[in-house]
Amino acid sequence: CVDGVAQPPLSPTASHPKTLSMDNLPFSPESVFDCDAGVSMWEHGWSAIKKTWCCKQRGVACEPYNCDEDADHWREAWAAGKKAWCCTTKQRGCESAASPPLMVVPVTYLCEDDLAHFEE
């Protein structure tokens, strides 16, 4: 519903193609895309069309690097930051065919702190 009016389903038809782009949306983006909602997880939580609209119209959730640019010679053309970001988020520009590098976060855990709750 938009302003209390039921909207038609977004199933593919002749007037609603299967692949949506900014040019063929069957609704007004302003009425649907809340660029503040879920912004902390935009990379994995938003659709591609919402990312595009919010970046272009609001300057929100823009990717810092274009991983397609100079992709054919990324080793020479990309800075270290771009290599790391594109490898980690897009699996592009990785030094090996293996998985992208993992972020390791050290965790300190003191076993003594939970001894009172330990069950045998």
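User: Are Cys-67 and Cys-86 buried or exposed in this model?

Analyst: Both Cys-67 and Cys-86 are buried, a word that stands for under 20% relative accessible area, with exposed meaning over 50% and partly exposed lying in between, for a 1.4 Å probe and protein chains only. The model is predicted, so local features are reported at pLDDT of at least 70 and side-chain atom pairs at pLDDT 80 or more, whereas totals for chains, interfaces and linings use all residues. Residues are numbered from 1 along each chain as its sequence is written, and side-chain values rest on heavy atoms, with hydrogens and water left out.

User: What makes Cys-67 and Cys-86 a disulfide?

Analyst: Their sulfur atoms are 2.0 Å apart, and because a disulfide is a pair of cysteine sulfur atoms within 2.5 Å, the pair meets the rule. The torsion about this S-S bond is -90°, making the link left-handed. Cys-67 sits in the loop between H3 and helix H4 (74-77) and Cys-86 in helix H5 (residues 80-90), so that distant parts of the chain, 19 residues apart, are linked; helices here are DSSP runs (H or I, at least four residues), numbered from the N terminus.

User: How many disulfides does this rule give, and how are the cysteines paired?

Analyst: The count comes to four disulfides, and with the bonded cysteines numbered in sequence order the pairing reads 1-2, 3-4, 5-6, 7-8.

User: Why is the disulfide of Cys-35 and Cys-54 given its handedness, and what does the pair tie together?

Analyst: The torsion about the S-S bond of Cys-35 and Cys-54 is about -90°, so this disulfide is left-handed. Cys-35 belongs to the loop between helix H1 (29-32) and helix H2 (42-45) while Cys-54 belongs to helix H3, so the pair ties together parts that are 19 residues apart in sequence. Cys-35 has 7% relative accessibility and therefore counts as buried, and Cys-54, at 0%, counts as buried too.

User: What is the handedness of the disulfide between Cys-87 and Cys-94?

Analyst: Here the torsion is about 110°, so the disulfide is right-handed; the S to S distance is 2.1 Å, and Cys-87 and Cys-94 are both buried.

User: Which residues make up the largest nonpolar core?

Analyst: It has nine residues, namely Phe-33, Cys-35, Trp-42, Trp-46, Ile-49, Trp-53, Cys-54, Val-60 and Ala-61, and H3 supplies the largest share, three residues. The name applies to a set of buried Ala, Val, Leu, Ile, Met, Phe, Trp, Tyr and Cys residues joined through side-chain atoms within 4.5 Å. A second, separate core of five residues includes Cys-67, Trp-74, Trp-78 and Trp-85.

User: How do you know that Ala-61 is buried, and what is its phi?

Analyst: The relative accessible area of Ala-61 is 12%, which is why it is called buried. Its phi is near 65°, a positive value in a residue other than glycine, and Ala-61 is found in the loop between H3 and H4.

User: Why is Lys-51 said to have no salt bridge?

Analyst: A salt bridge needs a side-chain nitrogen of Lys or Arg within 4 Å of a carboxyl oxygen of Asp or Glu, whereas the nearest side chain of opposite charge to Lys-51, Glu-63, is 4.8 Å away although Lys-51 is buried. Lys-51 lies in helix H3 (residues 48-58) and, leaving out residues up to four places away in sequence, touches Trp-42, Glu-43, Trp-46, Val-60 and Ala-61, where contact means heavy atoms within 4.5 Å.

Notes: Helices (H or I, at least four residues) and strands (E, at least two) are DSSP runs, numbered from the N terminus. Lys and Arg count as positive and Asp and Glu as negative; His and the chain ends are not counted.
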